[in-house]
Amino acid sequence: MNKRNFLKTTAMAGIGSVMGMDALASIFQSKSTTDPLSLAQDEKFWSTIRDQYILKSDYINLENGYYNFIPQPLLDKFIEHIKHINYHGSWYMRNFSVSDKAAVVEKLASVVGCSASELAITRNTTESLDIVIAGKHWQSGDETIMGEQEYGTILAAFRHIADRYGVINKMVSVPNLPSSDEEIVDIYKNAITPKTKLILVSHIINITGQILPIRKICDMAHQRGVEVLVDGAHAVAHFTFNMNDLNCDYYGSSLHKWLSTPLGAGLLYVKKDKMPGIWPLIIGGEKDPFKMQRISHMGTHPAHTTLTISDAIDYYNMIGPERKESRLRYLQQYWTSRVRKLPKILLNTPEDPKRSCGIANVGISGLPPKDMAKRFMDEFKIFTVGIDTANVYGCRITPNVYTTTAELDVLVDALKKMSA
Ligand SMILES: Cc1ncc(COP(=O)(O)O)c(C=O)c1O
């Protein structure tokens, strides 16, 4: 078996026969001419995907943002890869692991729309962003800009470089309900000084689900000689975009979120001309400053997870990126449109469909978010997470492709009762 064939044959063995995916693929094929927006409302169609998950009956899971646990066909595939690699042992690792990983990077590059030479597989967003944050050549007095809504441990990484190198981090705040892209771009623009080197910005803010105008922020920043690092933890395989169109300098994401890979898979994109400006954190010996391997080495790691990324991409492509995005946005709008105007309800996510997708955040005035999350669970058997930070007061609601509108009716009913 040659190196490429190992990946191909193991992938084929699962998708199709063992996993019963052929039938599913043909259902999806039969809907190929239905437009994604109409299909988004077809509960019967989406129930075929729901059937592929083993769901706990204890509660309605509306906390998929942390981890989009994997459907059965992908779980089978993952286990199959573990068995294969355990069987082949060092033989696999010596002869196939490097070329297989390169093939997965190539496939992933086509999902996010960039060159494979600018992409690396990592273990998560934290690792991806820390490679850039801790690896850049900082000077004392260099300035950075970021929103207080950015993810906690990523902000901590910036506090680390402040302590270590004397970098000055300037905090801004992104409004939950902006009226235009320009309003957001100006927030970052107004914080730039001649010492600003880097902006950190989320593609989609994890606590509210607001999608930010990354291209416009990048264009504005580049005109002023400032680089942009994008935290795309929740973006990849949630809504469609093209990395090259974003025009950012660095981008990190977690694939165990919306791509539904096993835990511990991420990606890092670095624009070619920015690669030499990063010192590696883990040293693998690659000297070429224009090779991603120089900065993304991680030593021996779970190769079966890497192989499953390939299957997760097949699964994602079978659902169809646009169909998935439309369904997730439909689900979010299904419940938000039913509660947005209710007294005491605080919707912390923009209504404009281009500014949000599956994730939204809702609060009830006077009800602390932690208590709200507890009441959701205790009284209505709904699992969410309470957020009370950075001008966001409410519970994050994250459905997944298996979520039904009937489940969201329970959510709407709960919100009506709790806010009454
Ligand atoms: C915006 C954002 N950035 C970074 C992370 C960290 O992701 P991970 O723990 O997968 O590295 C998360 C996790 O939820 C996140 O929401």
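**The ligand site**

Mentor: A backbone N or O atom of Thr125 lies 3.3 Å from an oxygen atom of the ligand, which counts as a polar contact (a pair of N or O atoms within 3.5 Å; within protein, one must be able to donate a hydrogen and the other to accept it, and residues adjacent in sequence count only if both atoms are side-chain atoms). The model is predicted, with pLDDT of at least 70 needed for local features and 80 or more for side-chain atom pairs, while totals for chains, interfaces and linings use all residues. Residues are numbered from 1 along each chain as its sequence is written, and side-chain values use heavy atoms, with hydrogens and water left out.

A polar side-chain atom of His234 is 3.0 Å from an oxygen atom of the ligand, and for an N or O atom in the side chain of His256 the distance to a ligand oxygen is 2.9 Å. Taken alone, the ligand exposes 390 Å², of which the protein buries 89% (Shrake-Rupley accessible areas with a 1.4 Å probe; for residues, only the protein chains shown count as cover).

The shell around the ligand (residues with a heavy atom within 4 Å) includes Asn124, Thr125, Thr126, Tyr151, Asn206 and Asp231. Ala233, His234, Ser254, His256 and Lys257 also belong to this shell. By class, the shell has two nonpolar, seven polar and two charged residues (Ala, Val, Leu, Ile, Met, Phe, Trp, Tyr, Cys and Pro are nonpolar, Asp, Glu, Lys and Arg charged, and the others, Gly among them, polar).

The ligand takes up the space of the second largest pocket (more than half of its atoms lie within 2 Å of the pocket's grid points). A pocket is an open set of points on a 1 Å grid over the protein atoms alone, with protein on both sides within 12 Å along at least five of seven lines; lining residues have an atom within 4 Å of a point. This second largest pocket holds about 480 Å³ of space (filled by probe spheres set on the points, which are joined across faces, edges and corners). Of its 25 lining residues, Tyr66, Tyr151, Asn206, His234 and Lys257 are the closest to its centre. Helix H8 (125-135) and strand E12 (385-389) are the elements that give two or more residues to this lining (DSSP runs numbered from the N terminus, at least four residues for helices, H or I, and at least two for strands, E). E12 gives the most, with five residues.

Key: 1 Å grid on protein atoms, 1.4 Å probe; cavity = no way out; pocket = protein on both sides within 12 Å on 5 of 7 lines; lining within 4 Å.
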